[in-house]
Amino acid sequence: MKVYRGASRSPRSAFEYGFPMSTKGWSADWIWHPNLIGQEPCVLVFRRRFSLAQSESIVFHVSADQRYDLYLDGAFLSKGPELGDPLNWFYHSYRVELCPGDHVIVARVHWIGDMAPLAQMTVRGGFILYGEGSADAYLSTGKVEWEVARMDAYTFERSDLWWGVCACMTVDGTKLIPGFESGGGAGFVKASKMIEGAEPIKRAKVGDWWRLKPSTLPDMIHRRIGGAKVRHAETVESIDSLPEVREQHRSDALVDSLEDLVAGKEMVVPRNTSIRAILDMQDYYCVYPELRVLGGKGSRIRLLWAESLYHDSDEPRGPIYRDKGNRDEIEGKLFYGGGDTFLPDGRELRFDLLWWRSGRYIELLVETADEDLVLKSLDLYETRYPVRRVCFFSSSEQKLCDVVPIVLRTLEMCSHESYMDCPYYEQLQYIGDTHLDALATYAVSDDDRLVKKALTMFDASRCPEGLTQSRYPTREAQRIPAFSLYWVKMLHDFYMHRDDRAFVQGLVPGTRAVLDAFERHLGSDGLIRRPEGWGFQDWVRAWKIGVPSHTDDGVDGIMNLQYVMALEAAARLEEDLGRAALSSHYRSLAKQVREAVNAYLWDERQGLYAHDLGLRGFSEQMQALAIVTETAGARRSEKIRQRLSTGEGLDPSTIFASHYLFEAYYKLGMADRLLARMEPWFDHLQRGLKTLIEEPEPTRSDCHAWGTHLIYHYFASMLGIRPAEACFRTVRISPCMGSLTSVCGSMPHPKGAVIVSLSQDEAGLSAEISLPLDVTGTFAWGDQVVELNAGSNSFSVQRNMAQRS
């Protein structure tokens, strides 16, 4: 028996681990199946058998287009490559310890073109593996002979429900290669060389092929989950058209059998039988399912996925916007979800998918023919980025604490090889969502690799005129001009919260390109006109497709203030980087736009800023940005405060844009209003939700990233922990507690953690604050300021004076 001593990939990037940053010395070639010349969707199995005379530690690097699953001596090793674009195509690096004897390394590689998730870019199908040192002689593709076989078991079909995610799969058991993971199977031929791995660099030509770069992220989590509960099971006439779930149709015996299956026992489905079961994973998951079967030739198995079940109701926006009610409830509801089909052929087979699915509920549908089907196991493997939590939070208001698991679960489910807006519908990394994900990440984790990758990929997406795409990576370009401004702000946020000046400096040229592009749209009146693209700002129901009302002439007051915000952020970056003249220019532009907004968009009668030149549209988002950017002076700020206290006459900000509303509340000291406007998050608990929704009900997505900014405001607003200088060199703590009697938490810092514990009563406030070594700061409460030293600080602040204890 072969003894596999284990394989491990470093949790750090290839560069951090000491692996090469360049492929210049690689002797490996890209390879493919010799009979597949064109762009034909396919699944291939590559294998390489080799022997070792003695124990050896080997290092090798792997990439593929579009994806690979890697096995060593039959054991699963990893999936990849990390999402990128042709000029940023990632390879993964592995170090394994092998004993003497025979070994086999296998890669299942799929290229499915536009059937792949929209975020999965491509050049053409290909596979490359380079072995370092002595492993080059027996592992490197193109240098030694690799075998390849087609596995034509997978076919693909677009779903009417899903957009942006991987197409629905049908897996035909007659065409699977059982045991391929261990190097088994027939039909293998010699793989053919396509191009040298380092050839684009040699030719100084990078447009036609992949420009390989080391992976920047750790492996995604891949672990089996348990705990799924069988909520319903029944026999049905057909598995193709099913009514709503009814308790009266439930079969307790069938439920018991399925519970055994979920627990790891076999289940037999008799011949000529059709069954339906609904499994509740009892949390939101992103999952690779794996189904093992025996017998059942001619059977059909379907696994469908849903975030929730739906009430059967009419909804003009489409079926995905139908009422879902309480997500814990299934009685009387329809299961409406996408999924995949498996076709057993009578042999013992392992069915799996090439890409993951997501949601809370699974509908298992089984239809047998003239042979009994044994369901040997149904395993679910969670996949996501390994978000490392190093924070804690508690408060005298219990509901603040109760919603934390929902917020953190949302961040986890929207963190993979990139951030993504939602795991169920689009799986795309939008700047608007991501700049808020990044703030949440700073609040809860000391791992900023996903943030850095997002910033870098957005920079890579920039179009010739300088603006970024709104989402990236993606095969379909889209522009939302406001999101380019958010990218500038996002880079500044990173600069303030993390200590990596060189990284920031490398991206600053991109911020200049963005701001130059906007400056070309500056009118003679001092206001910018919206650049070409989708003018989305927020999913306000009164706005058509998220574009502020009455802005068809191109003047969007919200975007003008976003431009001011980006200019001020860039000015601070340029000043710190020694570009004083450019910093001064940006501040001059910001002043000019502020003056124009005050001249043309302030309505004295309303005491508000309009977001259009006709002074017809008034929104919370516009008022919030006027406060955040300090466009409104003291008198106007007070008028805005009065209107924001009720929201009367204002288009309300929804979950996305409420981040800047919360920033305005913090700046104005409106602590109780801040807490009140968090109620939509607290309502999730009563509706059975496990993650944060996209927009006010009825919502499309039950798991949407942009709502995670709530956790940022726990730390940055309620506790008031914010960087006072770039790279978090000093700290300013200015809490916004309102009626809370106590709040405490720990927030990561580049040098450790900032720990704050506050309690207040009628007499004043008591504070226990710990800062990392060599970090100082200030504590501000009202007009009182206390200097903070590195280490422990204990003091009380009375209503009229500060007193250190």
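Biologist: Before we look around this predicted model, what makes a space a cavity?

Modeller: A cavity is a set of grid points where a 1.4 Å probe fits but cannot get out. With that rule, a search of the whole structure finds five cavities of 30 Å³ or more.

Biologist: How do you know which residues line the largest cavity?

Modeller: A lining residue has an atom within 4 Å of a cavity point. The largest cavity, with a volume of about 80 Å³, is lined by residues including Tyr-385, Val-387, Leu-411, Asp-447 and Arg-449.

Biologist: What classes of residue make up that lining?

Modeller: The lining of the largest cavity has five nonpolar, three polar and two charged residues. Tyr and Val count as nonpolar, while Asp and Arg count as charged.

Biologist: And what about the second largest cavity, how many charged residues are in its lining?

Modeller: Five charged residues are there, along with two nonpolar and two polar ones.

Biologist: Let's turn to cysteines. How many disulfides are there?

Modeller: A disulfide needs two cysteine sulfur atoms within 2.5 Å, and the count by this rule is zero. Take Cys-736: the nearest cysteine sulfur, that of Cys-401, is 17 Å away, so Cys-736 is in no disulfide.

Biologist: Why is Cys-736 called buried?

Modeller: Buried means under 20% relative accessible area. Cys-736 has 7%, so Cys-736 is buried.

Biologist: What makes Cys-99 buried?

Modeller: The relative accessible area of Cys-99 is 12%, which is under 20%, so Cys-99 is buried by that cut-off.

Technical notes: Residues are numbered from 1 along each chain as its sequence is written. This is a predicted model: local features need pLDDT of at least 70, side-chain atom pairs count only at pLDDT 80 or more; totals for chains, interfaces and linings use all residues. Side-chain values use heavy atoms; hydrogens and water are left out. On a 1 Å grid over the protein atoms alone, a cavity is a set of points where a 1.4 Å probe fits but cannot get out, and a pocket is an open set with protein on both sides within 12 Å along at least five of seven lines; lining residues have an atom within 4 Å of a point. Grid points are joined across faces, edges and corners, and a volume is the space filled by probe spheres set on the points. Buried means under 20% relative accessible area, exposed over 50%, partly exposed in between (1.4 Å probe, protein chains only).
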